[in-house]
Amino acid sequence: MRDRIEINPLVMQGKPVVRDTRIPVELLLRKLSEGASVEDLLDAYPRLTGDDIRACLAYAADTIAHETVHSLSTE
């Protein structure tokens with residue numbers, strides 16, 4: 001699935017996009033969080049596939065999974 005996401009500094013200022021499109025992962029995630037269905041996204045963006053949307057979700061999950069959380073102590 002990761003091969004469906006592209007990061008290229010010359011495309012959308014380097015934001016992750018669905019490969020061979022200018023559709024940012026962030027946009028699709030935001031639309032889903034606002035209540036859009038997969039079908040809504042496929043209708044709005046005919047070049048997308050269900051696998052593209054699942055790849056966006058997997059990309060987001062992988063990104064969060066590799067975050068490092070640092071505790072800021074006030075002591």
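## Starting at Glu6

Setting aside neighbours within four places in sequence, Glu6 touches Lys15, Pro16, Val17, Arg19 and Asp20, where contact means heavy atoms within 4.5 Å. Glu6 sits in strand β1; strands here are DSSP runs of E with at least two residues, helices are runs of H or I with at least four, and both are numbered from the N terminus. With a relative accessible area of 17%, Glu6 is buried. The cut-offs are under 20% relative accessible area for buried, over 50% for exposed and partly exposed in between, using a 1.4 Å probe and protein chains only.

A word on what you are looking at: this is a predicted model, in which local features need pLDDT of at least 70 and side-chain atom pairs count only at pLDDT 80 or more, while totals for chains, interfaces and linings use all residues. Residues are numbered from 1 along each chain as its sequence is written, and side-chain values use heavy atoms, with hydrogens and water left out.

## The overall layout

The protein has three helices and two strands.

What is the radius of gyration of the protein? The value is 15 Å, whereas a compact globule of 75 residues would be near 11 Å; this radius is taken over C-alpha atoms, and the globule rule is 2.2 Å times the number of residues to the power 0.38. Along its principal axes, the C-alpha trace spans about 55 × 30 × 20 Å. Of the 75 residues, 25% count as buried. Among contacts between residues at least 6 apart in sequence, 37% join residues at least 24 apart.

## The nonpolar core

Eleven residues form the largest nonpolar core: Ile5, Val18, Ile23, Val25, Leu28, Leu41, Leu48, Ile53, Ala55, Cys56 and Tyr59. Such a core is a set of buried Ala, Val, Leu, Ile, Met, Phe, Trp, Tyr and Cys residues joined through side-chain atoms within 4.5 Å. The elements giving two or more residues to this core are α1 (25–33) and α3 (50–65), and the largest share, four residues, comes from α3.

Beyond its neighbours within four places in sequence, Leu48 is in contact with Val18, Ile23, Leu28, Leu41, Leu42 and Ile53.

## How α1 meets α3

Two packed helices are described by the angle between their axes and the distance between the axes. The axes of α1 and α3 come within 10 Å and cross at roughly 95 degrees; these axes are lines fitted to C-alpha atoms over the stretch in contact, with angles running from 0 to 180 degrees between N-to-C directions. That makes α1 roughly perpendicular to α3, since angles of 65 to 115 degrees count as roughly perpendicular, under 35 as roughly parallel, over 145 as roughly antiparallel and the rest as oblique.

Val25, Leu28, Leu29 and Leu32 of α1 make this contact with Ile53, Cys56, Leu57, Tyr59 and Ala60 of α3. By class, the contact residues comprise nine nonpolar, no polar and no charged. Ala, Val, Leu, Ile, Met, Phe, Trp, Tyr, Cys and Pro count as nonpolar, Asp, Glu, Lys and Arg as charged, and the others, Gly among them, as polar.

## Tyr59 and Ile7

Leaving out neighbours within four places in sequence, Tyr59 is in contact with Arg2, Ile5, Ile7, Pro16 and Val25.

Ile7 belongs to the loop between β1 and β2 and is exposed, with a relative accessible area of 54%. Besides Tyr59, the contacts of Ile7 outside four places in sequence are Gly14 and Pro16. Ile7 and Pro24 lie 17 residues apart in sequence, with their C-alpha atoms 9.7 Å apart.

## Two residues with positive phi

Most residues other than glycine have a negative phi. Gln13, in the loop between β1 and β2 (17–18), has a positive phi near 55 degrees. Gln13 counts as exposed, at 77% relative accessibility.

Asp20 also has a positive phi, of about 65 degrees. Asp20 is found in the loop between β2 and α1, and its 58% relative accessibility makes it exposed.
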